[in-house]
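Look at how charged side chains pair up in this predicted model.

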Amino acid sequence: MPATYISPEQLCIGLYVQLELSWWEHDFAFSAFKIKDQAQIRALRALGQQRLRYDPARSDCPPLPLVETRPAAAAEEPPADPQSQARRQSDDRLRQLRTRLAEVDRRFLQASQRIKTLNQTLRSRPEDAMRQAGAIVGEMVETLLGAPGVVLHGITGKAADDSYYHALNVTVLALLLGRQLGLDGEACHSLGLGALLHDIGKLEVPSKVLLKAEPLSRPEQQLLQLHTDFGLRMGQQLMLDDEVLRIIHEHHEHCDGSGYPRGLREAAIGRLSRLVAIANRFDNLCNPLDPRQALSPHEALALMFKQQRERFDEVALRAFIRAMGVYPPGSLVQLEDERYALVLGLNPSQALKPTLILYDAEVAKEEALIVDLAQEPTLAIARSLRPAQLPREVLEYLSPRRNLSYHIEPNQQPG
């Protein structure tokens, strides 16, 4: 069958393209893939190719029609009013942001539901559960490595079940850290699978211990800590590879030797285990069993770096802080003009310019203004705040989740 070609102007989301370039001539993880977002379209056009090959059978839609260039002699339209044009552009941006964030929430709900199903089938159909886990992680790795950049979102919708936030959060955060450190696809897959399954040993721990909000007794604490050994045994029965088994067994080990189950020091702890330990600790600080003890993402990073640094691989911890940004999604902030806002999304390459939802008493909560600071040069964040520092009406309006969750998507903004 003869190859089918289109011009770069005809690219759109859903087309399956096949790059006729050597791997070192482009920045994509694969030479053949389905276009997922505008960032990939911009990157494809930036390759400077006269034509691009695509596969109609594997595409979700036809390419865009070729637009004929209008002759110079055509009648000129009267210039648009700059003020109304700027207002239209601002409205369009807000609509696009709302649509994108709603889609992110929807995909997060799907992912959390899939993890719930996976946990329910671990005992009865372990082979099916492992296939599901591999597929979930594979999609996340493809998202991370198949796009020029990623955006980290704090989720504002409701997940399918609160108890599955943690596994999903740790997987997203560990993979984000792996990308920041330049891990390849194979290492990222092992990292993601280990992060997703790191707590499987808790299936052997009684729920009255797992869900106890007040401090555990010493015997209860010892039983809880056995989840790493239980998990190792379960992982061996599932025939997981060694890197994944190490993560399950070592994600509570500390580089200073103060962790469990074996009190290992840095050199003895697996490289990927050290990354999951960071993501796991961060999520536990932000989402403890007792929500009154929850730290803001900003505070959690500060605590880990200033007071607990010896516990972690320092290179990896610094990389994690870079990846999470100065104001991680879920943070409550105040702008330089004194307005309050909640951080929704972060492009790690522009750490000081996240996407925000703004408090405005004159605007209905459902119509709250969402702004991308990367597109608003006159706006800037002045400080991060704890929930207790905000007036009650502001907190109810911005309503950060009881549980903070994360989701990643390809970056759709230039830069």
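Arginine 274 is buried, with a relative accessible area of 16%; buried means under 20% relative accessible area, exposed over 50%, and partly exposed in between, using a 1.4 Å probe and protein chains only. The side chain of arginine 274 forms a salt bridge with that of aspartate 313, at 3.0 Å from N to O. A salt bridge here is a side-chain nitrogen of Lys or Arg within 4 Å of a carboxyl oxygen of Asp or Glu. This pair links distant parts of the chain, 39 residues apart: arginine 274 is in helix H10, and aspartate 313 is in the loop between helix H11 (297–306) and helix H12 (314–324). Helices are DSSP runs of H or I with at least four residues, numbered from the N terminus. Aspartate 313 is also buried, at 11% relative accessibility.

The model is predicted: local features need pLDDT of at least 70, side-chain atom pairs count only at pLDDT 80 or more, and totals for chains, interfaces and linings use all residues. Residues are numbered from 1 along each chain as its sequence is written, and side-chain values use heavy atoms, leaving out hydrogens and water.

A second salt bridge joins glutamate 250 and arginine 262 at 3.4 Å, N to O. Glutamate 250 lies in helix H9 (residues 242–250) and arginine 262 in the loop between H9 and helix H10 (271–286), so the pair ties together parts twelve residues apart in sequence. Glutamate 250 is buried at 3%, whereas arginine 262 is partly exposed at 49%. The count of salt bridges comes to 16.

Terms used. Helices (H or I, at least four residues) and strands (E, at least two) are DSSP runs, numbered from the N terminus.
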